Structure formats: structure tokens, C-alpha cells
Amino acid sequence: MSRTALRICPLCEATCGLTLTIEGTEVTGARGDRDDVFSQGFICPKGASFGAVDGDPDRLRTPLVRKDGELREATWEEAFDAVAAGVRGVVERYGPNSVGVVLGNPNVHTVAGALYPPVLLAGLGTRSIFTASTVDQMPKHVSSGLLYGDALAIPVPDLDHTDHLLLIGANPLESNGSLCTAPDFPGKLKALKARGGTLTVIDPRRTRTAKLADRHIAIRPGTDALLLAAMTSVLFEEELVAPGELAPHLQGLDELPDAVRGFSPESVADVCDVDAGTIRALARELAAAPTAAVYGRIGSCTVPHGTLASWLVDVLNILTGNLDRPGGALFPQAATDKTPRPAGPGHGFALGRWQSRVSRHPEAKGELPLSALAEEIDTATDEGEPVRALIAVAANPVLSAPDGDRLDKALDSLDFMVSVDPYLNETSRHAHVVLPPPPPSQSPHHDFAFNTLAVRNQVRYTRPAVPLEPGRMAESEILARLVLAATGMHGADPAAVDTLVIDQTLGKAVKEPHSPVHGRDPKELAAQLTGVNGPERRLDMMLRLGPYGDGFGVRPDGLTLERLLAHPHGIDLGPLKSRLPQPLKTVSGKVELLPRPIADDLPRLRAALRERTDGLVLVGRRHLRSNNSWMHNVPALTGGTNRCTLHIHPEDAERLGLRDGAPVRVKGAGGEVVTEAEVTDAVRPGVVSLPHGWGHSRPGTRLNHALKDPGVNVNQLLDGSLLDPLSGNAVLNGVPVLLFPGDDPRTPSRKAVGGVTGADIGEADPSKTGHRGSAVSSAKL
């Protein structure tokens with residue numbers, strides 16, 4: 001007999017509510033939950049395929065331990081014994097920084113992935129921390145940290161109420177939104193247009209989102225910051241700056257005009273391939289709209305000036321008075337946020353508190369660039385020990401980081417590696433121990449990270465839809481045991497990890513004057529917590545201490561876990577509201593419009609005005625039915641338009657002698673790949689596009705469906721040397737490439753690649769490509 005169960009979808013950032021159909025312990029169907037307070041029944045192909053993702057036969061069901069060079073099935077006890085011996089052995093011989101930790105994107109999609117990695121990092125005490133953020137969104141964290149004093153204070157567009165939305169480097173009809181949690185993003189954009197609003201999309205590709213726009217501007221990739229700086233200069237030049245109620249909260253407004261002087265529309269037009277009149281119109285329309293929001297995403301982050309572009313997105317919102325007001329860009333307030341503290345100066349945000357060992361990249365938000373992981377493993381220096389052991393949690397950097405071939409070899413040289421992953425994939429195949437978490441149906445779900453970015457305040461929690469399968473271990477227990485094994489407490493009760501966190505959190509809360517539990521007994525508070533396990537008790541604690549919580553009885557109508565469980569479709573907490581100055585943690589207590597690191601990086605942007613390249617440049621792309629490298633092993637989510645092909649404009653294809661469907665050889669600084677050409681006017685001339693997350697052809701994996709159509713790894717075209725210097729984010733878009741027919745064995749000639757020679761990739765003269773010179777050495781910062 002079938003039954004239904006509710007589940008929040010963990011497969012992308014939209015966090016839609018699902019109603020699952022279950023036969024026995026198998027998920028046989030999924031549809032949108034019409035009563036979900038946030039998604040109201042919306043579902044995308046990924047959510048509809050929840051059962052196929054959940055029941056993938058290639059998911060590992062037992063731990064694997066390497067014996068005599070081969071990964072073999074083992075018991076959980078054997079696996080954690082091996083982890084304790086392997087990690088602690090390296091720490092004791094070489095110190096904590098010799099253990100690297102890599103956290104992948106899926107960590108923010110699970111309860112355990114949110115709760116336990118911070119404990120692991122604190123317990124290890126390592127500075128060798130790498131995450132997916134530095135191939136994705138770190139520029140936004142850095143710009144927010146510098147502007148607001150908090151790297152996690154990211155304003156999101158008020159999609160339901162804005163009159164004018166400008167998207168740059170974003171394609172939410174394919175991504176479902178990113179750093180902006182919004183179920184049914186397509187419906188929200190259509191509603192914007194239906195109420196008379198305006199949608200502008202700036203993107204080198206004519207994406208599905210761009211097709212919906214009132215105005216699509218096909219910018220030259222990598223020049224986003226120049227265009228935004230020109231728009232900013234127009235606001236000052238034409239006296240359109242009107243911060244309104246924001247004015248008392250701003251510092252540095254008087255210095256901004258000088259900072260953007262020289263970035264006129266006329267000066268950037270040729271580099272951006274956008275005429276000056278259009279740039280002026282963009283600025284004027286933004287200033288004239290009753291309400292407006294500028295939203296930038298991965299296309300404007302993964303470029304040489306990603307932090308400056310992210311900063312300028314917020315600067316435009318501020319100068320037009322649209323930050324922190326309904327219809328503009330607002331700061332969400334999640335139910336599990338910390339207790340709001342009184343407004344006032346904070347500690348601020350610092351960059352470069354330490355540096356990577358080899359290339360001296362400065363840390364950002366406590367992380368080193370993922371692009372530097374290979375060299376931190378395989379390169380000896382006098383600056384300390386290399387990374388000799390690696391803990392990878394839901395991470396596949398062989399595909400997601402630049403130059404996977406080098407990283408592939410580096411991982412093979414490690415003394416020890418443990419991977420927490422449901423698959424034996426391109427990265428986990430190197431591990432000495434693989435710890436597989438259960439499928440999502442057997443796990444609880446609450447969106448700790450994405451609710452801090454949601455376009456409407458709400459809170460939802462779903463318990464496991466299916467009981468834990470015999471022989472499996474809950475992800476929370478796996479990570480708790482990993483914490484104990486890696487920090488010298490192997491064999492202790494895994495519940496001790498949650499108890500420790502609860503005791504520390506409550507012990508700190510009772511000492512804070514602004515806390516609702518100030519002066520109370522932490523043991524008495526801990527005894528009030530409900531929940532069937534440690535993660536639920538921690539969720540209950542966070543809800544009670546949070547901005548909507550009951551404060552452990554102080555506010556009887558406030559949130560608790562019990563109240564949340566009584567509302568299985570979630571609790572609506574209302575639209576986003578103005579919150580300044582409370583979110584600010586800068587030293588001044590104000591929005592610091594021109595922080596020193598930003599000002600110091602502006603000369604590099606001025607130099608980019610002279611860095612025009614006429615060769616082909618590469619951008620990535622996303623498909624609605626995928627999420628990075630996760631889902632290519634699910635038949636329902638591959639095929640059709642979700643293919644690994646090289647998009648190339650007809651004019652470029654004709655000039656280079658490339659035919660639709662024929663093999664094409666693509667060469668970059670990090671290597672070359674051969675893929676299928678797809679001739680389409682969806683990309684502008686001079687631009688080619690390959691999707692990311694593919695390249696499932698390495699031996700030793702267990703991804704049977706992905707192996708049938710492996711695609712190629714676009715990141716192999718990169719050598720990892722191109723970074724945004726402020727954030728350490730990899731430059732993945734706007735990089736020069738060479739093309740020629742895939743069946744032509746000759747070295748490409750100047751003519752064959754449209755005016756770019758092989759010398760332009762590798763030891764390139766910055767004046768030729770305009771990109772290599774953008775990766776400023778950290779020694780110059």
C-alpha cells in the first residue's frame with residue numbers, strides 16, 4: 001500500500017516543498033506540495049526526479065576501506081578506526097595544517113552538512129580549508145563583508161514587489177536562483193512583467209532568462225565590473241544619486257565620485273561591447289524606477305574582477321536608495337539566525353589574516369582558494385608542511401576545480417584521504433576510506449543556509465520520509481563520528497558532539513546582555529530542549545534563541561521545534577522588511593561604501609580598460625536538470641538539451657570551419673578537450689560555452705549511467721592561475737581559448753582560431769589576452 005510524506009527538496013537552492021509517494025521504503029513519485037508556505041506547489045524536473053535520485057543503484061550502501069591498494073567494503077567500526085589512525089597520524093607527525101578539508105556544495109543542502117563541518121574545523125584547528133565557495137560565490141561574501149562587516153549579510157532582490165529588476169551574470173530560469181532562494185523564480189519574473197515592471201538581463205548568452213527580458217544586453221564576458229562602474233559614474237555625473245533614508249547609515253559616499261571617475265560609458269563601451277548610450281540608459285532607468293534591484297550571480301563572480309562587480313551591484317542599489325527597502329534589495333532574517341544584537345559598531349571583516357603556503361594567496365572568510373589545493377599537496381616549500389591528509393565532505397574538486405588532471409595526481413600522493421560521499425566518483429576514488437551517507441528520503445531537512453537568502457521569511461522542517469535502512473548510518477552520526485575520529489576522541493559517544501555544541505552555545509548566550517536567556521542557568525535551558533536526537537535538539541535551541549523564538553519561555557507564542565512540527569507545511573514569517581542598521585557589523589557601524597581593499601583594487605580595473613582581446617573566450621553554462629557534477633548519473637536528468645556540447649555562434653563556426661555536431665578541439669591554459677560543436681546564435685559572436693560538472697570518464701568510479709555519456713571537464717581548460725585577488729575565486733568565465741576541428745591533429749594556426757595563437761594561452765603577454773594580467777599576485781596586495 002502506498003502512502004505520502006512531505007519533504008523539502010534538497011536538490012537546488014529553491015528549497016521547494018514536495019509530496020512524496022512511497023511504496024514500502026521506495027520513493028515512487030514526487031509532486032509539488034501545494035500547501036507549502038513558501039513554494040506553493042512549484043516543482044522543477046529535479047524535484048520531480050527525487051525518487052530516481054534517491055534510489056540510484058550506484059549509491060554506496062556500506063563504507064569502503066582501502067586494503068592492498070583496493071577499496072573494499074568494510075564495517076563502520078573498521079572505517080572509523082582507519083580514519084582515526086590515518087588523520088591523527090598525520091596531525092601528530094606534521095601538525096594540524098597538514099590536514100586539508102574540502103567542503104563541497106551539497107553540504108549546504110543537508111542538516112548534517114550545516115551542523116557538523118564547523119565543529120570539525122574548530123576541532124582540527126587547520127588553516128588548510130577549501131570549499132566550493134571559491135569556484136562560485138566568494139566575491140559576494142567578500143564584498144558583503146567589506147560593505148556591511150559580515151560576509152553572510154547578503155541582500156536579496158525583493159522579487160515579489162520590485163518594479164525594475166536588473167540581472168547580471170544570472171540565469172535563474174535554469175539555476176532556480178542562487179544566493180537568492182526563490183521557489184518558482186520564473187513565475188516571479190513573469191509576475192513582475194505582468195504588473196508593468198521591467199526586466200533587464202546582462203549576459204553574453206541568450207539564456208531562457210534573457211529571452212524573457214524586456215532588454216537583453218550581450219556583454220563581453222569578464223567586463224561586468226567595468227559596465228557597473230560606468231553606470232555608477234553616470235549616477236554621479238547626471239546627479240541621479242538619491243540614497244534617501246539610507247543616507248544616515250552610509251560612510252564614504254563623498255569619496256565614491258573620485259573612485260569611479262574615468263569609468264565613463266564612453267571609456268568602457270569598446271571593452272564591454274556595449275554602446276555608451278545603452279549604458280547611460282541602464283543607469284537612468286535604474287534611478288527613475290519607483291523601486292529597483294540589481295542582482296548579480298555566478299557569471300559576474302567567476303571573472304577577474306568578481307569582488308568589484310559584486311561590490312558595485314550593491315553600490316548601485318545603495319546610490320538609488322533601493323537597499324534595505326521593500327521592492328529593492330533586503331536582508332532576510334532566518335528563524336535560526338543568532339539572537340539579533342543591538343545596532344552599533346562591530347568587529348568588521350578582515351582579509352588576508354593568513355596566506356596559502358605556496359602561492360601566498362590571502363585567505364578570505366577563513367578559506368584558501370580551491371584552485372590552490374593541488375599545489376598545496378604536491379609542492380614543497382620552506383613555509384611548512386604540504387597537505388598530507390585530506391578530508392573531503394560532499395566534494396568532487398577533480399571536476400569542480402581548475403586543472404583536475406593535476407589535482408587527480410596530487411590526490412594519489414596523499415598519505416591519507418577520507419571522503420564522505422554517496423558515490424565513488426572522480427575524487428572519492430582516491431580515498432583510503434569512503435563514508436556513504438544515506439539517501440535524502442532517509443534524512444531530515446531544514447535549510448539553515450538558504451533561509452538566510454530567502455525572498456520571504458519562513459521556516460520549514462521535515463523529518464525523514466523513510467526509516468533508515470538497516471546497515472546504514474545517519475549522516476549526522478557519520479559526521480559526528482568523523483569529528484571524534486579526526487580530533488583525537490575516537491570511540492566517544494557521537495551524541496557528545498551535539499551535547500558539547502549545546503553546552504557551549506547556551507553557556508555563551510546566558511552571558512550576552514541582549515540574549516533572551518541572559519543570566520539563566522544553561523543546564524536548566526538544555527533540559528527544556530526537545531527532539532528525538534542531537535540535531536533536532538540543536539535545531540530547537542537555535543529556533544528558541546533566534547529572532548522569532550520563544551526565548552525559552554520568554555515569548556510564549558515564539559518558535560520552538562514542537563511548534564514547527566505542528567505545522568508540517570511550514571510557518572510563514574512574512575515579507576522581507578527593512579532592517580538597517582541592525583545587520584551592520586562594521587567598525588564604524590555604518591555601510592562602508594569604499595573600504596580600503598576595494599579602493600586599492602580599483603587601479604587594476606582601470607588597467608582593464610586597455611585590455612581588449614579579439615579572440616574567442618569561454619563561458620560556462622547551467623541546465624535546469626543538473627546541479628554541478630551531482631546528477632549526471634540519473635537517467636531522467638540527462639539527455640535532451642542537457643548535453644555537454646560547445647555552443648558556438650554561426651559566424652565563428654563558419655570562419656573556423658566547424659560544423660554542427662562535429663568534434664571540436666578546445667585548448668586552454670590548463671589543457672585541451674574534444675567535444676561536440678553545437679552551432680547556435682544563443683551565444684554572441686566571439687564567445688563559446690561549455691557546461692560545467694561533466695568529465696565522468698576517469699577509471700575507478702562507479703557511475704554507470706554517467707560513464708555512458710561522460711562529457712568533458714571544462715575546468716581542465718584552466719590551469720588555476722587566474723584568480724580574483726581579493727576573494728581567491730577562480731576565474732572560470734571570459735578566459736581565452738583556441739578552437740579547431742577535432743579531427744585535425746595539427747597545432748592550431750593563428751588563422752584557425754580567430755586571431756589568438758597558442759602563445760596567448762600559457763605564458764601569455766597580458767597585453768594580448770587581457771586576462772592573464774588580471775590575476776594580480778597576492779604579493780602585490
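Reply: In this predicted model, three strands form an open sheet in the order β1-β2-β3, and their pairing is antiparallel. The edges of the sheet are β1, residues 2–8, and β3, residues 26–32, each of which pairs on one side only. From one strand to the next the twist averages 30°. Looking within the sheet, β1 pairs with β2, which covers residues 17–23, in the antiparallel sense over seven bridges, and for Thr4 the bridge partner in β2 is Thr21.

Turning to the helices, two packed helices are described by the angle between their axes and the distance between the axes. Helix α10, residues 224–237, packs against helix α12, residues 265–272, at an angle of about 160°, and their axes lie 9 Å apart. Because angles over 145 degrees count as roughly antiparallel, α10 is roughly antiparallel to α12. The crossing of these two helices, α10 and α12, is left-handed.

As for the residues that make this contact, α10 contributes Leu226, Leu227, Ala230, Ser233 and Val234, which meet Pro265, Val268, Val271 and Cys272 of α12.

How values were computed. Residues numbered from 1 in each chain as written. Predicted model: local features only at pLDDT ≥ 70, side-chain atom pairs only at ≥ 80, totals over all residues. Heavy atoms only, no water. Axes fitted to C-alpha atoms, helices over the stretch in contact; angles between N-to-C directions. Helix = DSSP H or I, 4+ residues; strand = E, 2+ residues; numbered from the N terminus. Parallel < 35°, antiparallel > 145°, perpendicular 65-115°, else oblique. Left-handed = near helix turned anticlockwise from the far one by under 90°. Contact = heavy atoms within 4.5 Å. Pairing = 2+ DSSP bridges.
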